[in-house]
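The sequence and the coordinates are shown first.

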Amino acid sequence: MRIRGFAPAAPCWVELASAEPGRAQEFYASLFGWDPAGDRFKLGGQAVAGLTRTRPGRPAGWLTYFAAEDLGRAVQRFAAAGGRCLSGPTEGRGGRGAVVADPSGATLGLWEATDFAGAQMAGEPGTMAWPELLTADPAQAERFYGSAFGWLLRDGIEWLTPGHDAVAGLAPGGRVARWRAAFQVADCAATVATAADLGAEVVIAPTDMGLGLIAELRDPWGTPFAVTAPTSRPVDLMLTFSAMAGMELTFPG
């Protein structure tokens with residue numbers, strides 16, 4: 001599915017910072033079938049993830065970016081809620097970005113687009129999947145992101161934008177709070193096996209989460225990431241006809 005834009009506070013891009021970008025490029029291209037294209041990975045000619053070298057204010061690891069209409073205002077709001085800016089705002093290729101941290105230390109990016117909105121594909125193997133905040137203090141996270149982004153937390157596990165669009169998840173636990181980047185794959189078990197053959201460590205084996213399988217890995221340089229394969233659930237439609245109402249769609253059950 002092609003993507004052309006993102007609503008404010010929606011996840012829009014994911015980027016890897018590595019001390020060895022050349023070797024990391026080879027690993028992820030082999031794992032996900034990506035085509036290296038300078039500071040980006042592409043799939044079918046469309047940008048799906050970024051790649052940069054580690055530097056001050058941009059430590060090693062996958063970083064999920066969230067869209068911002070006004071980057072300066074977004075950074076100020078983040079700070080006012082109790083977060084801090086680690087680097088930026090700085091000019092990037094196709095927009096402006098900043099790296100920020102919430103009060104627990106979980107880092108994320110903010111991105112104000114000019115001519116590059118972010119990921120150009122979604123919902124297919126090899127594309128960015130559902131980002132998730134892992135934290136030992138869900139109550140603090142709920143207060144902070146409610147103030148910084150205007151998010152609502154539904155059922156303690158799902159972040160909603162002010163427009164009630166589901167954009168990310170929350171999972172209690174973990175000694176160190178972090179945003180976990182995930183990528184959709186066609187076969188979770190097969191991808192985990194391939195990753196292990198390429199030198200990755202399996203942290204959490206494929207686990208059924210109800211809507212699909214998810215596994216967590218560490219790449220050969222210790223960077224964590226997740227892969228997920230959604231479960232296809234067919235929906236049967238029954239058509240009923242009424243002389244007065246015309247055609248109605250009925251969902252059985």
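Ring pairs join F27, Y28, F32, W34, F41, W62, F183, W221 and F225 into a cluster, where rings of Phe, Tyr and Trp (its six-membered ring) pair if their centres lie within 6.5 Å. The model is predicted: local features need pLDDT of at least 70 and side-chain atom pairs count only at pLDDT 80 or more, while totals for chains, interfaces and linings use all residues. Residues are numbered from 1 along each chain as its sequence is written, and side-chain values use heavy atoms, with hydrogens and water left out.

**Aromatic rings**

- The count by this rule is 29 aromatic pairs.
- F66 and F149 make a tilted pair, 5.7 Å centre to centre with 40° between the planes; planes under 30 degrees apart count as stacked, over 60 as edge-to-face and the rest as tilted.
- F66 belongs to strand β5 (residues 61-67) and F149 to the loop between α3 (138-148) and β10 (152-154), so the pair ties together parts that are 83 residues apart in sequence. Helices (H or I, at least four residues) and strands (E, at least two) are DSSP runs, numbered from the N terminus.
- Both F66 and F149 are buried, meaning under 20% relative accessible area with a 1.4 Å probe and protein chains only; exposed is over 50%, and partly exposed is in between.
- R40 lies over the face of F116, at 3.7 Å from the ring centre; the rule requires NZ of Lys or CZ of Arg within 6 Å of the ring centre and within 35 degrees of the ring normal.

**The eight-stranded sheet**

- Eight strands form an open sheet with mixed pairing, in the order β2-β3-β4-β1-β5-β8-β7-β6; two strands pair if DSSP finds at least two bridges between them.
- Its edge strands, β2 (35-37) and β6 (84-92), each pair on one side only.
- Neighbouring strands of this sheet are turned by 30° against each other on average, direction ignored.
- Helix α2 (residues 71-80) packs on the sheet and touches β6, β7 (95-101) and β8 (107-113), with its direction at about 5° to that of β7. Axes are lines fitted to C-alpha atoms, for helices over the stretch in contact, and angles run from 0 to 180 degrees between N-to-C directions.
- Strands β1 (residues 11-18) and β4 (residues 46-53) pair in the parallel sense over four bridges, and the bridge partner of E15 in β4 is G50.

**A98 in β7**

- A98 lies in strand β7 and is buried, with a relative accessible area of 1%.
- Its contacts (heavy atoms within 4.5 Å) include Y65, L71, V75, C85 and L110, not counting residues up to four places away in sequence.
- The C-alpha atoms of A98 and Y65 are separated by 8.9 Å, and the two residues are 33 apart along the chain.

- In strand β17 (residues 224-230), five of the seven residues are buried, so the strand is largely enclosed by the rest of the structure.
- Strand β16 (residues 212-218) pairs with β17 in the antiparallel sense over seven bridges, among them that of A215 to V227.
- The hairpin of β16 and β17 has five residues between the strands, and G222 there takes a positive phi near 90°.
- Three bridges join β17 to strand β14 (residues 182-184), and these two run parallel; Q184 has T228 as its bridge partner in β17.
- Q184 is buried, with a relative accessible area of 15%.
- Among the residues in contact with Q184 are G123, E124, T228 and P230, leaving aside neighbours within four places in sequence.
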